[in-house]
Amino acid sequence: MVFDSKIPEGPLAEKWTKHKFNLKLVNPANKRKYDIIVVGTGLAGASAAASFGEMGYNVKAFFYQDSARRAHSIAAQGGINAAKNYPNDNDSIFRLFYDTIKGGDYRSREANVYRLAEVSNNIIDQCVAQGVPFAREYGGLLDNRSFGGAQVSRTFYARGQTGQQLLLGAYSALSRQVAAGKVKLYKRTEMLNLVLVEGKARGIVARNLITGKIESHSAHAVVLATGGYGNVFFLATYAMGCNGSAVWRAHKKGALFANPCFTQIHPTCIPVHGDQQSKLTLMSESLRNDGRVWVPKEKSTVEKIRKKEIQPNDVPEDERDYYLERIYPSFGNLVPRDVASRNAKNVCDEGRGVGETGLAVYLDFRDAIKQFGIDVIKAKYGNLFQMYEKITADNPYNTPMMIYPAIHYTMGGLWVDYNLMTNIPGLYATGECNFSDHGANRLGASALMQGLADGYFIIPYTIGDYLAGMPYDKVPEDHPEFKKSEEEVKHRINKLLNINGNRTVDEFHKELGRILWENCGMARNETGLKEAKKEIRELREAYWKDVKVLGINEELNMTLEKALRVADFMELGEVMIDDALDRRESCGGHFREESQTEEGEAKRNDEHFSYVSVWEYKGDNKPEVLHKENLKFENVKLTQRSYK
Amino acid sequence: MEKGRSYTLKVWRQKNAASRGEFKTYQVNDVSSGSSFLEMLDILNEELTKKGEDPIHFDHDCREGICGTCSLFINGRPHGPEEEITVCQLHMRTFQDGQTITIEPWRARAFPVIKDLVVDRSAFDRIIQAGGFISVNTGAAPDANAIPIARENAEVAMDAAACIGCGACVAACKNASAMLFVAAKISQLAMLPQGKVERKRRAQKMVEQMDKEGFGSCTNTYACSAECPKGIEFTHIARLNREYLTSKFTS
C-alpha cells in the first residue's frame, strides 16, 4: 500500500506558499465544466461548497438535516482561535502552531498544523466581512478571551454561541450561491455509498430520507465533510443524527482510516441522570477558570449526601478533596482536558463520586462568589448557569454544579495528504472527519478554526490541482458502477427491514456504547480491549439476527436511518479497538494503563509510537491491516507534558 | 430524582403529507422527572417499536437548544410551557405526574406536515437565499479590525443573530406570519456597516419571498416574541418595517 503525504519540501513557514504556487489551476471559464459533491454542511462543508460556487464550479451539497443551517458545528460554544495578536501579548503564527502541536501531544504533522495557524487570521477577516457579530470592546474593535492550553488571548467569540454564528455565516454564503444557481442543496438526504469508477471517486449513492428513494449522483470529485464519529459511544455531546457512515462507506471502498482510537473526552459535561438519557450536554471549559473541582474525602460523606442527610455545602473544608489542586499544584483546576477527565474518573472509581449514579464530581463556585461577588460571576457565566439549572433543576449559585467527562470530538478520521485528499483519487475529507491537525488531543477553540481553514482556504486551491488533470466528461448515473453501488445499498436496507427481531436499534446502540466507553474510553488496557473486541463481534452478529426495524424503505423512517448508522458504528468500533490495542503508549486524551509514570501520569513513547496509525480495509470479516506514517519533527522539540 | 411517573399523551399522527391526520392517545409509564421531554418520547417509541407499531416521528438533533430542529406544539404552545427554551430543553419535572399532554406539529400553510410531527420548513431557507447574506466572496475580506463597530450595535446585531430558525414564531402567530424570523436577519445585517450596502435590496427581496411562501401578515400581537425560545424581541420587526419602507420610498 503506497500512500504519500505530499508534504512539500523547504522551510516550514514557506511550505504552503510554495505549494500553492506549484498547484495546477483550472481556468475560470473551465470551472463550470466540473461538478463537485460536498457531503455535510457544517463549517467544513458549507464553507467549501460556498467557496467552490463562488469560484464557478457546479456544486451539489448533501445533508441529513432539514436545513443546511442545522449541522452540529452550530453547538460549539467557546470560540475560534487565530494568531491575530490583537491583544499585543506576543502571539504569532509560530506560537499558535507550537501550542496546537504540543496540545496534540506530538501526534500530528508539523506541516499541516503550521498551515492551519497560517490561515487562521484570514478566517476571522472572512467571518467579520460576512456579518458574524463577534464580541467587541467599547472602542469597536474585536475582543479576545483565553482558553486552555495557551498563555495568550487568541480566542474570538460571539457570546456562548460562536459555532452558531460562524455556521450561519457560512450558511449565508452558501445560500447566496444557491440563489446564484451554483449550488444545489439536497436536504434530508443521506450518503450511503461512495462510487468509484476506474479507481477514482466519481459520485455517491444517497437515500432521500422523505421518499426513501435511492439516488445516484455523479461528479468529478467528492468532498466528505461529515464530522466525527463520537456517537459510536451512544452517549456523547454530538447531535443525535451525527454518524460515521459516510467515512465508513468510503473506508470500505478503500479509503484509509487514521488514528481511529483518538477520541476526546471533555471534562465538564452535565452528568448522566439515569438509563433514560439520550445525550450529554457540555458546559463550557471556561467554567474551570473560577470553579473548584472536588469530591468528599470519605465515602461515608458521599453516602450521607446521597441520602440527603446533609447538603454538599455542609461538608466542612477539611473533609473536601480538591484533588486537581492537590495533585497538580501549579495548574490546579486548569489542567488540560485529558488530565481533568482522567482524574474525575479515578475519584469516581474509588467510590467517591457524587450524585445519584456516583458518576459525578463537584464544580464549586462558592469561593469565587465570596471573592468576586455574585454579579461578577453572573456576568461571566450567567447563561451557562441558567442552562445548567434548566437541565438539572439545581441552582449553581447556591449549590455546587455536578460534572462528569463525556465524549465530545474525534481526532481520528480519514487519512488525507497535504491536499486533504484521501488515498482514493478525487475523494477529499475536511474538518473533523479527517485526522490531520489535532494529533492525540484537540485544544479548545481549534475545531472551528480547522473546519473553516479547510473549507475556505485550503481545499478551494488543492481541488483545482486534481480537477485540472481530469477530463470534462461526466460519468452517467446509470453507469454499471453506480448501479452496483445502489444495489449494495438496497440489499443492506432490505436485510435490515426483514430481520424483524426482538431488540430495538437503541438497545444495541447502548450496548455498543457501554463496551466502548468501559474499554476504549478514557483509560484502556490490553485485557479489557481484547475482551471488548470479542464482545463487539458477538454484538454485531446478534444485531444482524435480532434487530427490529419496522416500516418500509419508501417513507420517512427514522428507525431505518438509525439502524443503518448503528450497523456502521458496530464495524467502526472494532477498528477503534484494534487501534487502541496497537498503541501501547499513553498520549493525549488516550491513557494506556500499561504506559504510565511512577506517579500514575500518562507516559508517551516517542521511540516506538511516533506515527500515525493508518488502517486499511481488506474485506468483510478479514482483519484490517495497519500501516504507519512516521511523523517527523524538525521544528519542535518533543517533551513530556507535565502540569504538576 | 423522581422515577415512575406516568403521562397520557394525545399525539398528532399523520402517515404522510397526502393523508389526513388524527390524534391518538398513548400512555407512557416509568418516566423519570429528570428526563427531557424528547427522552420521554424516546421511551414511548421504544415501547411502540416492541409492540410492532410505527414510532412517532418528530424532528430533533442537537438536543441542547441551538440547532433549531425540534418543533413541537405542546399543550397549545410552541416548545411547551416554559419560557425561552426549545422542546429539547424541556424536562418532565415541568409536568405533573399523571398529566395529559397534547402534542401537535407546527401548524402553518407554509410549513406542510411531512409525517406525524415533522414539518417542512424549507420556506425559511428560501427567504435567506433571497437576500439574507452579505455578498462577499471568500478571500475578498479586509482586516477584521479595519472597520470598528460600536459595541452597542454589535450587541444588537448579536441579539438578532441568536435566531435558531426553528419556526416557533410562525407556529405561535394566529396569522402564521414569519415577520420575526425575517426581521431578525434583516436587523442583524442592518446594524453592521458591512450589511448596509445591500440593505435596500435585501429588505425588498426577503419580504417578497416571505409573501410568496404563503406566510400570513403581521398584525402586531407579538405572540412570536413571547414564544421565541431565544427571546428575539419584537423591536426588530419595527426595524424591518423601517428598512422595508425606506427601501420602497427611495428606490
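**Residue F58 of chain B**

F58(B) lies in the loop that joins α1 (37-51) to β3 (73-74) in chain B; helices (H or I, at least four residues) and strands (E, at least two) are DSSP runs, numbered from the N terminus. The model is predicted: local features need pLDDT of at least 70, side-chain atom pairs count only at pLDDT 80 or more, and totals for chains, interfaces and linings use all residues. Residues are numbered from 1 along each chain as its sequence is written, while chains are lettered from A and ligands numbered from 1 in the order in which they are written.

F58(B) is classed as buried because it has 24 C-beta neighbours inside 10 Å. A residue is buried if 20 or more other C-beta atoms lie within 10 Å of its own, exposed if 12 or fewer, and partly exposed in between, with C-beta atoms placed from the backbone. Leaving aside residues up to four places away in sequence, F58(B) touches L41(B), L72(B), D116(B), L117(B) and V118(B); contact requires C-beta atoms, placed from the backbone, to lie within 7 Å.

**Helix α2 of chain B**

In chain B, helix α2 (residues 122-131) is mostly covered, with 8 of its 10 residues buried. Among them are F124(B), I127(B) and I128(B). The buried residues of α2(B) pack against α6 (162-179) of chain A, and also against α5 (179-190) and α7 (199-212) of chain B.

**Two helices of chain A**

Helices α14 (residues 480-499) and α17 (residues 558-582) of chain A pack at an angle of about 110°, their axes 11 Å apart. Axes are lines fitted to C-alpha atoms, for helices over the stretch in contact, and angles run from 0 to 180 degrees between N-to-C directions. The contact is made by R492(A), I493(A), L496(A) and L497(A) of α14(A) with L560(A), A563(A) and L564(A) of α17(A).

Terms used. Contact = placed C-beta atoms within 7 Å.
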